[in-house]
Amino acid sequence: MLSLKPIHRAALTSCSLMALGDAACQAIQCQRNKRHVRIDSARAARFGLIGLTLHGPFFFKGFQFLDGKFGTAKTLQNAVTKSLVGQVTLFPTYTSLVLIYSNLLEGRSLQDAFAQVRHKLPKLFMTGSVYWPTVNVANFMLVPPQQRVLAVNACAILWNTYLSYVNAAPLSLVEEAVAS
């Protein structure tokens with residue numbers, strides 16, 4: 001896999017780790033509901049497809065953009081700036097696209113997909129704003145550019161489990177959580 005082009009490696013690792021995150025989410029949901037663990041492989045495959053065709057390429061190019069705009073992070077200030085710019089530009093765009101893409105892959109209408117974004121993006125953005133800036137500052141300061149998507153993917157297993165949970169939750173449950 002190391003002989004692949006970096007963007008292809010990013011896509012394949014994102015595919016694997018997004019599918020793993022969804023499978024972990026399903027297992028946790030089964031255990032929480034005291035049910036036998038049964039993984040919906042089609043659901044995990046949809047999340048994997050999102051990793052392959054969206055997450056890996058999106059963040060590969062997104063990190064290239066941030067590096068081109070701000071250079072390599074040689075100082076904490078530069079790493080924090082890059083992380084914050086990514087958090088307010090890349091993150092909401094990517095998260096909105098994930099919600100739309102996953103809903104369309106599940107056979108829902110575009111109108112339903114946009115409703116999911118309206119209701120779920122605020123919760124995901126708030127939670128992601130706690131987790132991702134710290135991860136990204138470390139990523140920008142410590143990881144070589146060609147390995148950044150892989151490093152983010154390692155941290156993303158936990159996030160993808162949560163993202164899968166919010167994505168699969170009924171809108172009424174998400175609305176209650178945001179209101180409280």
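Trainee: Which helix supplies the largest share of the lining of the largest cavity?

Mentor: That is α3, with seven residues of the lining. Please keep in mind that this is a predicted model.

Trainee: What is the volume of that cavity?

Mentor: The largest cavity has a volume of about 190 Å³. It is lined by 19 residues, and those closest to its centre are Phe 59, Phe 91, Trp 132, Asn 136 and Val 152.

Trainee: How many cavities of 30 Å³ or more does the structure hold?

Mentor: It holds two. The second largest cavity contains about 50 Å³ of space. Its lining consists of Asp 22, Arg 43, Arg 46, Phe 47, Ser 102, Glu 106, Ser 164, Asn 167 and Ala 168. Helices α2 and α5 are the elements that give two or more residues to this lining.

Trainee: Turning to packing, how many residues are in the largest nonpolar core?

Mentor: The core has 32 residues. Phe 59, Phe 63, Tyr 94, Trp 132 and Leu 163 have the most contacts inside it. Two or more residues come from each of α1 (6-32), α2 (41-70), α3 (76-105), α4 (110-142) and α5 (148-168). As general background, nonpolar side chains in soluble globular proteins tend to be buried together.

Trainee: Which residues does Phe 63 touch, leaving aside those up to four places away in sequence?

Mentor: On that basis, Phe 63 touches Asn 136, Asn 139, Phe 140, Arg 148, Val 149 and Val 152. Asn 136 and Val 152 are also among the residues closest to the centre of the largest cavity.

Trainee: What about Thr 95, is it buried or exposed?

Mentor: Thr 95 is buried, with a relative accessible area of 2%. This residue lies in helix α3. Beyond residues up to four places away in sequence, Thr 95 touches Leu 121 and Leu 124.

Trainee: Now the cysteines. How many disulfides are there?

Mentor: The structure holds zero disulfides. For Cys 25, which is in no disulfide, the nearest cysteine sulfur belongs to Cys 30 and is 9.4 Å away. Cys 25 is buried, at 2% relative accessible area.

Trainee: One last topic: how much space lies in the largest pocket?

Mentor: About 180 Å³ of space lies in the largest pocket. It is lined by 14 residues, of which Phe 60, Pro 145, Gln 146, Gln 147 and Val 149 are the closest to its centre. Helices α1, α2 and α5 are the elements that give two or more residues to the lining of this pocket.

Trainee: And how do the residues lining the largest pocket divide by class?

Mentor: Seven are nonpolar, four are polar and three are charged. Val 149, one of the residues closest to the centre of the pocket, is also touched by Phe 63.

Conventions: Residues are numbered from 1 along each chain as its sequence is written. This is a predicted model: local features need pLDDT of at least 70, side-chain atom pairs count only at pLDDT 80 or more; totals for chains, interfaces and linings use all residues. Side-chain values use heavy atoms; hydrogens and water are left out. A nonpolar core is a set of buried Ala, Val, Leu, Ile, Met, Phe, Trp, Tyr and Cys residues joined through side-chain atoms within 4.5 Å. Buried means under 20% relative accessible area, exposed over 50%, partly exposed in between (1.4 Å probe, protein chains only). Helices (H or I, at least four residues) and strands (E, at least two) are DSSP runs, numbered from the N terminus. Contact means heavy atoms within 4.5 Å. On a 1 Å grid over the protein atoms alone, a cavity is a set of points where a 1.4 Å probe fits but cannot get out, and a pocket is an open set with protein on both sides within 12 Å along at least five of seven lines; lining residues have an atom within 4 Å of a point. Grid points are joined across faces, edges and corners, and a volume is the space filled by probe spheres set on the points. A disulfide is a pair of cysteine sulfur atoms within 2.5 Å. Ala, Val, Leu, Ile, Met, Phe, Trp, Tyr, Cys and Pro count as nonpolar, Asp, Glu, Lys and Arg as charged, and the others, Gly among them, as polar.
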